Amino acid sequence: FLSGAAVMGAAFAGVAGLSGCAPSAASSKDEASASSESSVTTVGYDGTGALPWLGEKPEIADADVAESIDADVVVVGLGCAGVPAARAAAEAGAKVVCLETSSKLNSAASDMAIFGGQTQAQWGRGDGFLDKKMVVNMHMEECSHHANYGIISRYYDESGAALDWFIEPSDVYIAEESYAEIPEEGQKNYLYPYMYPMPETYDYTQEDLPCYPTSVGFSSLATVMADNLQAAVDAGAEVRYKTKGVELIQDESGAIAGIYAQETGSEKYIRINAKSVVLATGDYLGNEDMMKFYAPECIENGIQILSIDTDDEGNYTNVGEGHKMGAWAGAAVEQWHAPIIHHMGGGAGADGRGVIGNNGYLWLNLRGERFMNEAMPIYDISEAILAQPGRTCWVITDSRSRKGGTLGLKLADGTVRRSNTIEEMTRAMDVPVNTLRRTISEYNEDVAKGLDRRFGKRIFTQAIDSPPYYWGRESVYVHMTLGGLAVSPEARLLDRRGMPIPGFWAAGETTGGIFGRGRPGGMSLITCLVQGRDAGRAAAERSLSLKPKAENVEK
């Protein structure tokens, strides 16, 4: 749930700076104050109530329309929320049209935090494994109660069943445990549990911030996504790639009546008449104006963005188009947003993975000093790194760490480095050898006593006393913005009075009410899935209920 104990589960690529930003957070200046040269460009709320990022609603005339088609449900965006929405709506009997700006579906990350269900039951984590009140209340507290309790409650209730449903169309091999050997026939597409079996020496209830043993990971989430989309197509869904949603169509009462879409490179529009629309366009990480308004600290601190949501020409597709369409149609935009600042490790490669992950090893600032309780979830670690000189740090482990997997790969490509002595390591880090020796010695003494004298760390991974030493630089990126359109627990879009807009749903990172400043790891993907399935089913039900009876009988 809080994947602070996981090595790394997400796969991201495409590191780029926001235009006008300060230098990268991964600057190597040892004592840099990291003050931004671009702070004057940040905006935030200006007291007027205006949304400077919104712009004017497009004016589309009949003469601008080159094609007009009819559908029951339009799903805008084929990512982790849009694909399940499309499948759910199509399997419910609706005529579905899917719009996607890219030439393929978008799949990012791989982890899901699941509660209950038949899949989890195989590892003894079925219904009732954890107390719902404990989990939901902890999430609300971490998010400073900016989240919607009803949405989080539904996520808890439905995540297990949603996972079971999601893997139905795909030939997924299910691993028996976390590090089980995968047979050759299952290596292209398998699902595995995190933290199973649980080490006898580990008690998550004793952590300051518990890491509940609930998460699962996919070896290829994109494969399972593609299988789900194929199930939607097999049920009759039409997919239009390189086509984006532009503007909602509403009738005189304000209910949704369709959407205008536009193919890449065309000056004309497609009018799609439909009684239900599901927005699943992702976040707005690639929209600098929105970032300045809702997350000015990211611009001011020059934090680079990490995203794979691009079209065929390399342009970001997560630019807040769904947020704009929703706001133009009268949907409320929530006030509290959560830019997910995530340490991915210096020199993150094409797969976006960090250096040594977020294990609770020894973490040091550029002066060679400890600066935090290392046994924290990944997002708290990121906040701690941001407060350090240069907004970067070193992470150190020793020969007892696993040599395989990501650590082995990063060692091979030079991202992780190896030193046989502390002196050799300090020369490469350019820190005082006496400082590093003292820091490591004090840390090892605390490990032996099981008592952290500086930061109160209660869960220690290991001492740093068995050379060779493995180390690397960790930096932070912002890879997601969580916050957006206000929705009900059933994913219905709400207007500024808190009332549902007929025929309008949203799912995933286009929506609000799920997070505050905190974000439990693995929860973003599964809420996309839960909301997408809910929205697709409900949208289909509404549209089919409004059809003439004879037409429904024929279908």
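This is a predicted model: local features need pLDDT of at least 70, side-chain atom pairs count only at pLDDT 80 or more; totals for chains, interfaces and linings use all residues.
Colleague: Let's take T510. Where does T510 lie, and why does T510 count as buried?

Modeller: T510 lies in the loop between strand 21 (500–506) and helix 13 (523–545). Its relative accessibility is 0%, and buried means under 20%, so T510 counts as buried.

Colleague: What is T510 in contact with, leaving aside its neighbours within four places in sequence?

Modeller: L279, A280, T281, G282, G322, H323, G484 and L485.

Colleague: And what makes the pair T281 and T510 a polar contact?

Modeller: A polar atom of the T510 side chain lies 3.1 Å from the backbone nitrogen of T281. The cut-off for a pair of N or O atoms is 3.5 Å, so on distance this pair falls within the limit.

Colleague: On to strand 21. How do you know that strand 13 and strand 21 pair?

Modeller: Pairing takes at least two bridges, and three bridges join strand 13 (276–279) to strand 21. The two run parallel, with V278 opposite W505.

Colleague: What about strand 20 and strand 21: in which sense do they pair?

Modeller: In the antiparallel sense, over two bridges. The definition asks for at least two, so strand 20 (residues 492–494) and strand 21 count as paired. R492 stands opposite W505, and L494 stands opposite P500. The hairpin of these strands has five residues between them, including G498, which takes a positive phi near 85 degrees.

Colleague: Why is helix 1 called mostly covered?

Modeller: Helix 1 (residues 82–91) has ten residues, and nine of them are buried. The buried ones are G82, V83, P84, A85, A86, R87, A88, A89 and A90.

Colleague: What do those buried residues pack against?

Modeller: Strand 3 (73–76), strand 4 (96–100), strand 13, helix 4 (149–166), helix 5 (221–234) and helix 13. After helix 1 comes G93, with a positive phi near 100 degrees.

Colleague: Why are helix 1 and helix 5 called roughly parallel to each other?

Modeller: They pack at an angle of about 30 degrees, with their axes 8 Å apart. Angles under 35 degrees count as roughly parallel, and helix 1 and helix 5 are therefore roughly parallel. Their crossing is left-handed.

Colleague: Which residues meet where helix 1 packs on helix 5?

Modeller: From helix 1, V83, A86, R87, A90 and E91; from helix 5, M225, N228, L229, A231 and A232. Residues three or four places apart in an α-helix point the same way, because there are 3.6 residues a turn.

Technical notes. Residues are numbered from 1 along each chain as its sequence is written. Side-chain values use heavy atoms; hydrogens and water are left out. Helices (H or I, at least four residues) and strands (E, at least two) are DSSP runs, numbered from the N terminus. Buried means under 20% relative accessible area, exposed over 50%, partly exposed in between (1.4 Å probe, protein chains only). A polar contact is a pair of N or O atoms within 3.5 Å; within protein, one must be able to donate a hydrogen and the other to accept it, and residues adjacent in sequence count only if both atoms are side-chain atoms. Contact means heavy atoms within 4.5 Å. Axes are lines fitted to C-alpha atoms, for helices over the stretch in contact, and angles run from 0 to 180 degrees between N-to-C directions. Angles under 35 degrees count as roughly parallel, over 145 as roughly antiparallel, 65 to 115 as roughly perpendicular and the rest as oblique. A crossing is left-handed if the near helix is turned anticlockwise from the far one by less than a right angle, and right-handed if clockwise.
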